[in-house]
Amino acid sequence: MSDDIKVDKVFDLKGLPCPMPVVKVSKGIKEVEIGQVIEAQSTDPGSLTDFPAWARTSGNEILKTEQDDDVIKFYIKRNA
Amino acid sequence: MMDEKTRDDLLKLFESKLNEAMRLYLETCTRCGVCTEACHVHASMGQVKYIAAYRAEIVRRLYKKYFKGRGKIWPSVGEARELSAMALDELYEAAYSCTGCRRCMVYCPFGIDTQMLMSIAKLLLVGAEMEPEILTLLADTSIEKGKSIDLFKESFMQGLKRLEDEVVSKWKLEAGETAIPVDVEGADLLYVALAGAHSIIPAAAIFNAAKENWTLSFFEAVNFGAFVGDPTKTKLILDRIVSEAKRLKVKEVCICECGTAYRVMKQLTGKQPFKVSSITEVHARYIREGRIKLDKTMVDGAVTYHDPCQIARNAGVIDEPRYILQHLTDDYRELTDEPRYNWCCGGGGGLVAMGEDTLDFRMKSASVKVDQVNATGATILATACENCHAQLSNLNDHYKMGVDVRFLSSMIADALIQS
Ligand code: SF4
Ligand code: SF4
């Protein structure tokens, strides 16, 4: 978890087939209130272009993206 | 109640689909019933509404009400039907229980294409904003990516670095070679993958083994515009890849293991300075030309192959996977004597992308597929489409089939012989 961001719900999307990461994040973000933050964990490099494009389309906001050796983490604030 | 303006707008959309072929499909059915057992949904679930001709009839009745036939007799057309909110519900049920596999078309003596008729239903649903929301969101996300790709290129390339070790573990590189080349102008081949690492790693290893001069696309291959039946979005999504291919001046665009992506790219790209190939065709070519060699001992168990409808029946790639499998196993078992009649996996037409919402239906409507696989006694079920792979994996779990569902490309990558 990122030190400076309070996460309300975590979604493990590692290794899911296309297009499940975006589908699950789209649905999952509705499980938190507007203004709250979810953490989406992925192993797919394509999510580094998919998630920002999805956030723009759906009106949500990616606060931060972190990559380490094993996983890519997106911190996404529900705005819509 | 549907107001006049909405009805008029929807009828204009209907009319936009009425080309020569579509009119023929709408005016020809003789209700011979040959297609009754052709649809996996009807064969598995046995309800009249899942017969191909019945689905088509939902569209046909509206056609009869609002559009003039061209003087032919319409033996099959039942009552003309008003375009109403209820009619839209019926169109939804017909279109989103059809996977667009076109098995019915192979059986129909007139070659009536029910999938095409369902594309009218889907377009009307888009016009009425009654289409599955998630499919439109996915299509819009793809279009947005096309507009703003420059913002995300750097992080995408960084993300690819994380995959390099795995690519190299399947095929060692020589000094100066790149594991996953991106944005290479003048490359011979542009590989269009999906977002997942599993769509990139094996493919990269095989390209490297074959000494291909390749580059990876920034975009994902799948076209959600086609799933939702929106021609404008389909074109915008396709155009991202066409522009990238032209910018990089490649000679060939190779589509990953994604059936819809391949069919859409092959059929709608038009005349271009590059050719379009499926990855299965490319892999067969590498074997034929001696550019890759495979070790059969890496495949343990009897193998059967599920022909993805959009790659085999609807785009003609039938011999290539079999040729590849000859080089991977001595125990290959066909699902059916004639691959064109292969049962659909039950996941096409956007149903898999709709996720858990369609899971129950997808499981019930594909029991004939499960029986077909089980009858072979194979322990490895190979396929070459992400959608089919996801659906077959769901079936494997649900029906406890006990098979290993594999991508053909991943079987090839694991069997590469590095001399
Ligand atoms: S296209 Fe496939 S799913 Fe649709 S009606 Fe025909 S056989 Fe059934
Ligand atoms: S096989 Fe063709 S002509 Fe016969 S009922 Fe089906 S769609 Fe109509």
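## Around ligand 1

The shell around ligand 1 has five nonpolar, four polar and two charged residues. Here Ala, Val, Leu, Ile, Met, Phe, Trp, Tyr, Cys and Pro count as nonpolar, Asp, Glu, Lys and Arg as charged, and the others, Gly among them, as polar. Among the residues of this shell are C39(B), H40(B), R55(B), C98(B), C101(B) and C104(B); a residue belongs if one of its heavy atoms lies within 4 Å of the ligand.

## How to read this model

This is a predicted model, where local features need pLDDT of at least 70, side-chain atom pairs count only at pLDDT 80 or more, and totals for chains, interfaces and linings use all residues. Residues are numbered from 1 along each chain as written, chains are lettered from A and ligands numbered from 1 in written order, and side-chain values use heavy atoms, without hydrogens and water.

## An open sheet

Let's look at a sheet in chain B: four strands lie in the order 2-1-3-4, with parallel pairing. Strands (E, at least two residues) and helices (H or I, at least four) are DSSP runs numbered from the N terminus, and two strands pair if DSSP finds at least two bridges between them. Strand 2 (214-216) and strand 4 (275-278) of chain B each have a single partner strand, so one side of each is left without a neighbour in the sheet.

Strand 1 (residues 189-192) and strand 3 (residues 252-255) of chain B are joined by four bridges in the parallel sense.

## The whole chain

Chain B has 19 helices and eight strands. Buried residues (under 20% relative accessible area, 1.4 Å probe, protein chains only) make up 62% of its 419 residues.

How values were computed. Buried means under 20% relative accessible area, exposed over 50%, partly exposed in between (1.4 Å probe, protein chains only).
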